[in-house]
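I opened a new page for this structure. I wanted to see what surrounds the annotated positions and the ligand.

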Amino acid sequence: MKILSAAQTRALDEGTMKAQGITSLELMERAATALLNWLLDTLHPAADTPFHILCGPGNNGGDGLALARRLHQAGYQPEVWLLPAEKTSADYTSNLQRLPAAVPRHELHARHLPTFPAGAVVLDALFGTGLSRPLAGLAAQVVAHLNDSQALCIAVDMPSGLLADAPQPAGSAIVQAHYTLSFELPKMAFLLPQNADFVGEWELLPIGLESTVIHKLAVDNCFIEENFLAGRYPRRPKFSHKGTFGHALLLAGSQGKIGAAVLASRACLRGGVGLLTTRIPQVGYDILQTTTPEAMCLLDPATDYISELPDLQPYAAIGIGPGLGQEDASREVLRRLLETAKVPLIIDADALNLLGANRELLKLLPPDTLLTPHPKEFERLTGEPARDDYHRLEQLRQFARHHKCFCVLKGAYSALATPEGQVYFNSTGNPGMATGGSGDVLTGLLLALRADKRLSACNAALIGLYAHGRAGDLAVQQTGEAGLVAGDIVRFIGPALQELTDADLITEPPLSPRRGG
Ligand SMILES: NC(=O)C1=CN([C@@H]2O[C@H](COP(=O)(O)OP(=O)(O)OC[C@H]3O[C@@H](n4cnc5c(N)ncnc54)[C@H](O)[C@@H]3O)[C@@H](O)[C@H]2O)[C@@H](O)CC1
Ligand SMILES: [K+]
């Protein structure tokens, strides 16, 4: 799914009206219908549920007024609160005129702000994508008042006060919604941690925006869902053998962190690699051989950390980092690897910290290398703290462009930046996955996918991110969020990948009848 800017969202609305021969009022009616259906289907509200609808002067307020009419027609008793303004949009005015007289409406006033008791449902239709500056005056007061209330707050399109695609000054008045109901496509603001308290749970309601117009809009940011990946994860050919899926090398583990090597190895194996060799220090031998007999163990001469780079000739892809430690000798192994590797590399964890502490090594990154930092590791890589999540995102894009690499910034919506400067946000995963070892699992899985020569670097990264989150989503159904551990994610990598294979089947043409029968 494309992530549009506020300006592109407006262009899409315009384009839809033109292509489908409808008025903006008709489009607004679709939005109101979608909102009404969501409220009825999700909340199953009792007939006497107090609905309060706060309406601003633009089309966001117009959505609110149209919804108030539809709720009234459905047998509810909504109350409408209008923000006074010198100028209102045409569709707002039309919908105010169409509001049945039986629906109570009031002007908001600083000295008589409405009471929103617990059990009330407040729809925030003050401002949407038309917001051009931070809220002030009465609008800011209303927002603060709403945030203090016990009512269930549902934002229409955007939490009022939040910009769709840019940061706002710290301390700005912004609605803290429990739900944000937006239309058709996600907004960048929904995907960034700094906005979590405002956006709450968000959902996209389809309103028939024109797909041909969406298709033509050029974007730098996409949201990755299963249908985007259909056809990108090929099925295993009937006559495949272990060589078909590549031989991977993993350099991981040090004294006290052999578990990271185990988790990454097991994830790599579950990720479908043909053969896996894991390089570990001597201290890890019994552990790895016992827990993960499917992996071949290539012992380093050192006892506690990796000190020598083995011959790289046999391998189709190489991963380095989980539990590696930051010994000088391990740093030199990383340097030699960057200087000599001719196959895809995945760099994670302590290998990223070593890069961050020795940034001259970044010059050695072979093209298409895949790095998987979390925000702190990423900051060490850039050496410059991000001002906010938007700035960090631009740093990520620049980093991937500058180093011609793929870089995954891990988080709730992990973001993959490509050498071309595209950013893909992953849609799967859950808070249970914020647990030690979850990143090691991702590295192992990505290593398997990079060893599979049938996949491009970009597709391998997208599939790995998606399947990792999906495996966590399958696991959490059995473990609960608190009980989820990294090993649970490993167990569900296979089913998660299988879902992608099966999704692919749907897109293929039906089988032709057999010859002779
Ligand atoms: N155009 C369309 O066809 C559709 C629009 N939709 C709705 O329309 C919204 C966008 O409508 P608009 O473009 O009218 O924008 P908004 O309704 O978000 O707000 C625009 C109004 O707010 C004023 N304003 C901006 N920032 C302000 C601030 N900080 N303090 C006080 N006033 C401020 C502007 O001067 C303008 O009057 C969407 O978010 C969505 O809810 C939906 O109905 C779907 C279809
Ligand atoms: K709003």
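I began with Ser-160. Beyond its neighbours within four places in sequence, Ser-160 is in contact with Gly-56, Asp-124, Leu-126, Phe-127, Leu-135, Val-143, Ala-155 and Val-175 (contact: C-beta atoms, placed from the backbone, within 7 Å). I noted that this is a predicted model, where local features need pLDDT of at least 70, side-chain atom pairs count only at pLDDT 80 or more, and totals for chains, interfaces and linings use all residues. Residues are numbered from 1 along each chain as its sequence is written, while chains are lettered from A and ligands numbered from 1 in the order in which they are written.

I then placed Ser-160: it sits in the loop between strand E5 (152–156) and strand E6 (179–183). Strands (E, at least two residues) and helices (H or I, at least four) are DSSP runs, numbered from the N terminus. Ser-160 is buried, because 29 C-beta neighbours lie inside 10 Å (buried: 20 or more other C-beta atoms within 10 Å, placed from the backbone; exposed: 12 or fewer; partly exposed in between).

Next I checked the record. UniProt, in an unreviewed entry, puts "binding site" at Asn-60, Asp-124 and Ser-160. These span 101 residues in sequence, yet no two of their C-alpha atoms are more than 9.4 Å apart, so they gather at one spot. Such annotations may be inferred rather than shown by experiment.

I turned to Asn-60. I found it in helix H3 (residues 59–73). Asn-60 is buried too, with 27 other C-beta atoms within 10 Å.

How values were computed: Contact = placed C-beta atoms within 7 Å.
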